[in-house]
Amino acid sequence: MEPYYILNHLGEEREDYFNAVTPPIFQSSNFCFKNVEALRNGLKNEFETPFYTRGFNPTVGILRKKIAALEKAEDALIFSSGSAAISAAVISSVKQGDHVICVKKPYSWTNHLLTHLLAKFGVECSMVDGREIINFENAIRKNTTLIYLESPNSMTFEMQDLEAVAILAKKNKITTICDNSYASPINQNPITLGIDIVVHSATKFISGHSDVVAGVICSTKEKIKKIFEQEFMTLGATLSPNDAWLLIKGLRTLPIRVKQVTENSFKVLHFLETHPKIEKIYFPFSEKNTQISLAKKQMKPCGGLISIELKVDNIAAVERFCNHLKYFIIACSWGGYESLQFPICALYNSENYTTELPWNFVRLYIGLEDADVLIEDLKQALEKM
Ligand SMILES: *Cc1c(COP(=O)(O)O)cnc(C)c1O
């Protein structure tokens with residue numbers, strides 16, 4: 001389906017709501033029936049018709065159709081956070097005594113889910129370097145039921161050959177999940193490469209405006225229905241109709257936002273690559289990245305997140321660089337209109353966090369500002385470092 005048809009028209013039954021161009025926010029927890037027979041019928045399909053908003057809400061339903069189509073999936077479910085979507089997808093794929101293979105350095109709370117929370121219920125997890133298919137092969141056990149991927153991941157951007165992992169998993173009757181937040185549905189569609197379930201933190205590119213926390217799962221109708229009946233309805237991480245409306249609004253501009261972010265990222269990359277104070281750059285499409293051919297094979301050129309290591313010998317210098325940036329806001333998250341920076345040195349000497357990343361590591365998110373403005377900002381902050 002053509003992407004602009006999906007974004008501007010799919011799921012929008014305008015004649016059902018006074019021909020309003022923009023869909024209404026159905027801010028209602030429940031939906032009524034004119035008699036007992038109608039109620040009985042309504043109860044038959046909470047998955048696809050309005051009955052109670054934890055299950056189905058028409059505004060959320062519009063978003064669900066668009067997300068599924070963008071990911072080239074049969075259906076989707078929308079959650080109140082990316083972590084809720086990931087938890088539901090993972091829990092739906094394991095039972096007590098099962099074994100999971102996960103790529104090293106997944107998103108922090110995905111790591112917590114797999115190594116702490118699921119361990120309480122007797123599910124074991126092995127973390128492998130996902131850059132080599134042989135590492136997955138070697139980690140497979142008789143009780144392996146799930147391979148969890150994140151390609152690229154959101155700090156250092158290691159990738160997995162999604163097609164090769166999907167073939168290996170199918171051969172061994174193992175479910176595959178891929179976190180596709182980095183590329184967005186515009187630049188990579190893991191389902192077309194054979195992956196079973198795609199998850200997103202919709203908080204990032206899909207929202208695009210730093211105003212909603214949300215998550216999605218995309219898969220076959222059969223798998224989505226099963227997750228709906230079990231994890232979705234039970235754990236109840238429902239997105240509010242108002243937030244669904246904001247996400248629909250964000251989606252209208254998703255292609256032009258990721259296009260601008262990508263163009264900016266390549267310009268900023270070029271500047272950073274030639275700067276003497278940059279020790280190391282992490283970016284999937286950097287010519288120096290050993291995985292660039294894989295990036296080109298399975299993704300369209302994309303960007304947003306670029307990480308750097310600064311060539312300095314003390315944390316104070318890193319902090320001087322960060323504190324002098326005017327356009328890059330110091331904050332977590334990414335995928336919005338505004339450029340951001342996340343300096344890893346903030347995790348040093350912290351009681352709550354540990355990290356394997358070095359203290360001179362800074363993750364940048366390249367927003368929608370003019371690339372020249374961002375480059376000037378980086379240039380002056382590097383001088384003051
Ligand atoms: C932010 C993020 C998540 C978690 O999503 P939330 O919406 O914050 O719950 C998961 N995966 C990746 C790659 C992320 O960046």
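Helices (H or I, at least four residues) and strands (E, at least two) are DSSP runs numbered from the N terminus, and on that basis K72 falls in the loop between α3 and β1. The model is predicted, so local features need pLDDT of at least 70 and side-chain atom pairs count only at pLDDT 80 or more, while totals for chains, interfaces and linings use all residues. Residues are numbered from 1 along each chain as its sequence is written, and side-chain values use heavy atoms, with hydrogens and water left out.

**Sheet and helices**
- Seven strands form an open sheet with mixed pairing in the order β1-β7-β6-β5-β4-β2-β3, where two strands pair if DSSP finds at least two bridges between them.
- β1 (75-79) and β3 (124-128) stand at the edges with a single partner strand each, so one side of each has no neighbour in the sheet.
- Strands β4 (residues 144-150) and β5 (residues 175-179) run parallel and are joined by five bridges, and L149 has C178 as its bridge partner in β5.
- Helix α3 (residues 58-70) lies across β1 and β7 (215-219), at about 125 degrees to β1, with axes fitted as lines to C-alpha atoms, for helices over the stretch in contact (heavy atoms within 4.5 Å), and angles running from 0 to 180 degrees between N-to-C directions.
- Helix α9 (residues 221-235) lies across β1, β5, β6 (197-201) and β7, and runs at about 30 degrees to β1.

**Domains and cores**
- The domain assignment, automatic or from a database, gives domain 1 (3-252) and domain 2 (254-383).
- Between these domains about 3000 Å² is buried, 63% of it from carbon and sulfur atoms; buried area is the accessible area (1.4 Å probe) that two parts lose on being put together, summed over both.
- The largest nonpolar core has 75 residues, of which L63, I67, L272, L310, F321 and L378 touch the most other members; such a core is a set of buried Ala, Val, Leu, Ile, Met, Phe, Trp, Tyr and Cys residues joined through side-chain atoms within 4.5 Å, buried meaning under 20% relative accessible area (1.4 Å probe, protein chains only).
- This core draws at least three residues from each of domain 1 and domain 2.

**Backbone geometry**
- S151 and P152 are joined by a cis peptide bond with omega of about -10 degrees, and P152 is placed in the loop between β4 and α7 (162-171).
- K72, although not a glycine, has a positive phi of about 55 degrees, and K72 is exposed (over 50% relative accessible area), at 52%.
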